[in-house]
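Student: Could you take me through one loop in close detail, and then show me how it sits in the rest of the chain? I'd like the cut-offs spelled out along the way.

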2 protein chains.
Amino acid sequence: VSALASPLAQLLRAAPKPHTRRAATQVARLVLLGTGTVGSAFVARYQRLRDAQRALPSLHSVANARGQVACAGDASAALQAAVSMPRRPAAGGPDLSALAAGDVVVDATASDAIAARHPHWLARGLHVVTANKRGNGGELARAQAIARLHGRAALYGDSATVGAGLPLLQAVRALVAGGDRIHAVEGLLSGSMGWLFDRYDGMRLFSGFVREARAAGYTEPDPRLDLGGEDVMRKLLILARAAGIPLEARDVAIESLLPASLAHAATDAVDAQLGALDAPLRERYQQAWRDGARLRFVGSFERDASGACRAKVGLRALPATHPLCGGSGTDNRVAIRSCRYLDQPLVIQGPGAGAEVTAAALLDDVLRIADWMPGEA
Amino acid sequence: VSALASPLAQLLRAAPKPHTRRAATQVARLVLLGTGTVGSAFVARYQRLRDAQRALPSLHSVANARGQVACAGDASAALQAAVSMPRRPAAGGPDLSALAAGDVVVDATASDAIAARHPHWLARGLHVVTANKRGNGGELARAQAIARLHGRAALYGDSATVGAGLPLLQAVRALVAGGDRIHAVEGLLSGSMGWLFDRYDGMRLFSGFVREARAAGYTEPDPRLDLGGEDVMRKLLILARAAGIPLEARDVAIESLLPASLAHAATDAVDAQLGALDAPLRERYQQAWRDGARLRFVGSFERDASGACRAKVGLRALPATHPLCGGSGTDNRVAIRSCRYLDQPLVIQGPGAGAEVTAAALLDDVLRIADWMPGEA
């Protein structure tokens, strides 16, 4: 459609397509892991693109913690069948033994056990496209294994992990590739926390807004991942590593919003304990209000000339005129400072949460991969 | 250096490198056209990257309107020699007959005659990297020829033409490649106009700020290209075409700031005529000030469901709280609305003018191209 299509797509189209282990008539297949709000939005968007005649891998199966359903052509039906499976003891992870090199695994879970298998799948030649931040945002050794494997037999698509597809990771990687050095990244990296502190008025209960955000798919299924800062911490890890900084989780100073009672609650007791957030946050809101400030949940890292990197996550009271108070709702807003962008940062802002944009970012990566053919090793 | 380098660079590294017309031992060469502030900054950055051991094509020659100087190894010396050439009647354009497929032409001029040759060079297998907006932002037929040729035997790098390398064009092209439809783009697309209206206080003479901006390299050598709206109009053309909209210059409604006396002045009389800007702009500033508004020079296009596209460029008085009044100095600030970014636009902001960032964008494209090898047609 576009007269001037993506340079990447054009490059890849122009590149010669050598023999691959897959016969030319055999079409790549796709397995979706996770049938929550993101997985469901992914299937809906996948169906719309297929209806619009976009070349996409066929959907092989849909899996969640309860089991796996083969897809017989109708993606929505497979999703529904997977969603309707009865709860049962964990089945030991999805069975991907039927897949072959060139197939695509889409990870729409938040599971560490699943992310731990990303390097293994890449080594098998399976492409991995993920909204799960525990791959590149997990332990450093895992991220380094992924970086080593990405681009050999298969690609790793992580656009959905930070900013739900906003061109943040892309911008950091492009600057580094151009010889730039990233000095600092600061911003609102959590759409759900942005939404919460945009809405919270110090009068209605904070816990009520948390329930609303969870129902809308803005928070992770367990909202403690957002409130405790882990979600933002993982995004910082991914951005820092994209900037060439080997940051580990223990290097990030996190100021959690979770009172101990909530932090240590069993998963099924979380909802009952959410009220423990209300009193301390009301107090912080009122203090900020008296100072003419606004509460924002900010993540940042900064490295000095020696290469030492300070990273932190927490709630800050900012003047209403502060640039990070702009934007609205679920907007992410991130400032990148580098040798090139020293006095005036590069700022990228846009919706960074919600099932729709996250699913779109996953499909962007699938489309990019569908255009790619690896060379024989 | 980076554990997770650019996905594009990694893809290209991973792609097989077939035979090319250039022997493996023969290194690609680079010709620089234009020795103004951008060309000079390009040479300085080129030298720094080479000193840092980056693999870059060797500098073959440096050309400007007065002639062409071969480079014997020292890029800065060649630049100085070109800058010091005596003025003489135009020499009929640079002589690129010594170049071969795989060499790179860097266009740091603002010349329409040079841009008219971009398709010809691409067809010869010469890569073109340009800060000159008259290629993709020239007549539609020229942009379409470039789009057809890009990615065949050679690449066309236009990162420097809009936002001086801000990831604007890249973002629009990536959205389109992902199946999105761009509805509207609106913003401050001119770093020089942003600087002028950020500084202008309604008291000091506007013409004085124009001279200051020209001396700093923020405006084009002839500042009428900025003040008359042509610069922003060309950037709109480039963005719209990247969005798949076949916009022509005549489709853009331009409100020029130039009084007739200045618009029609001979090039060497421009400086003497700049004072004609002062009275009308002071009046507009005072009117805006009385309304509590600020003056911003805005470019925008918008297409409706039928596909019809309205594009315009001009000075607008905006409330101080308007998002486009944020940012500072030479910042570009652009909002992109699409199916995906409908209620909350994708906003990208950062320095979009100045020789340094423009030269960096040119070198980004050169580095990308240095990693690329075309297949035999």
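Tutor: Ala164(A) sits in the loop that runs between β6 (156-157) and α7 (168-177) of chain A. Helices here are DSSP runs of H or I with at least four residues, strands are E runs of at least two, and both are numbered from the N terminus. Before we go on, bear in mind that this is a predicted model, where local features need pLDDT of at least 70, side-chain atom pairs count only at pLDDT 80 or more, and totals for chains, interfaces and linings use all residues. Residues are numbered from 1 along each chain as its sequence is written, chains are lettered from A and ligands numbered from 1 in the order in which they are written, and side-chain values use heavy atoms, with hydrogens and water left out.

Ala164(A) isn't a glycine, yet its phi is positive, at about 45°. Is Ala164(A) buried or exposed? With 3% relative accessibility, Ala164(A) counts as buried; the cut-offs are under 20% relative accessible area for buried, over 50% for exposed and partly exposed in between, using a 1.4 Å probe and protein chains only. Now look at chain B: Ala164(B) lies in the loop between β6 (156-157) and α7 (168-177) of that chain. Its phi is positive too, near 45°, and Ala164(B) is buried, with a relative accessible area of 3%.

Next, step back along chain A to helix α6, residues 140-149, which is mostly covered: seven of its 10 residues are buried. Those buried residues are Leu140(A), Arg142(A), Ala143(A), Ala145(A), Ile146(A), Ala147(A) and Leu149(A). Just past the end of α6(A), Gly151(A) has a positive phi of about 90°.

Further along, Val270(A) belongs to helix α13 (residues 270-273) of chain A. Val270(A) is buried as well, at a relative accessible area of 3%. Leaving out residues up to four places away in sequence, Val270(A) touches Asp222(A), Pro223(A), Arg224(A) and Leu262(A), a contact being heavy atoms within 4.5 Å. Take Asp222(A): it is 48 residues from Val270(A) in sequence, but their C-alpha atoms are 8.0 Å apart.

That sort of link across the sequence shows up in the chain totals. Of the contacts in chain A between residues at least 6 apart in sequence, 68% join residues at least 24 apart. Buried residues account for 57% of the 377 residues in chain A. The chain has 15 helices and 12 strands. Its radius of gyration is 21 Å, close to the 21 Å from the globule rule for 377 residues, so chain A is as compact as a globular protein of that length; the radius is taken over C-alpha atoms, and the rule is 2.2 Å times the number of residues to the power 0.38. Along the principal axes, the C-alpha atoms of chain A fill a box of roughly 70 × 50 × 40 Å.

Last, the cysteines. Counting a disulfide as a pair of cysteine sulfur atoms within 2.5 Å, the total over all chains is zero. Cys325(B), for one, is in no disulfide, and the nearest cysteine sulfur, that of Cys325(A), is 18 Å away. Cys325(B) counts as buried at 6% relative accessibility, and Cys71(A) is buried too, with a relative accessible area of 14%.
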